[in-house]
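Look at the model below. The paragraphs after it go through a few of its parts in turn.

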Amino acid sequence: MDEQLLGRKQDAIEAYTDVIKRDMADESSIAVAVNNLVSLKGPKDVSDSLRKLDRLKDKENQSFRLAPGLDLKLSAKEKEAIYANRVVLLLHANKIEQVFLLSLSCPS
């Protein structure tokens, strides 16, 4: 998909949104689509992007940790990108305390 949408940001946003809405892909593909969408949108609509990333969260954990299934399926680089995007969004939202808490709970 990325090669076909190279340089066509709005088309890419629509494609990732469609994958997420249809919810037909496997859990890890949706996680990558969510992360790519959040990255493409940048600081636009930070609260919506944070909510989208929250879909990937372990519901049993108070802090932001990926759901156990995702934690096992995603590569280290994919997980790192998700946590990094979350930090950037939190900084844009001026939620410095949450950035600090995330850095403490982030798996190494």
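**Two crossing helices**

The axes of H2 and H5 come within 10 Å of each other and cross at roughly 40°; axes here are lines fitted to C-alpha atoms, for helices over the stretch in contact, and angles run from 0 to 180 degrees between N-to-C directions. The residues making the contact (heavy atoms within 4.5 Å) are Ala31, Val32, Asn35, Val38 and Ser39 on H2, and Glu78, Ala81, Ile82, Asn85 and Leu89 on H5. Helices are DSSP runs of H or I, at least four residues long, numbered from the N terminus.

This is a predicted model, in which local features need pLDDT of at least 70, side-chain atom pairs count only at pLDDT 80 or more, and totals for chains, interfaces and linings use all residues. Residues are numbered from 1 along each chain as its sequence is written, and side-chain values use heavy atoms, with hydrogens and water left out.

Which residues of H5 are buried? They are Lys79, Ile82, Tyr83, Asn85, Arg86, Leu89 and Leu90; buried means under 20% relative accessible area, exposed over 50% and partly exposed in between, with a 1.4 Å probe and protein chains only. Just after H5, Asn94 has a positive phi of about 60°.

Asp26 sits in the loop between H1 (9-22) and H2 (27-41). Asp26 is partly exposed, at a relative accessible area of 39%.
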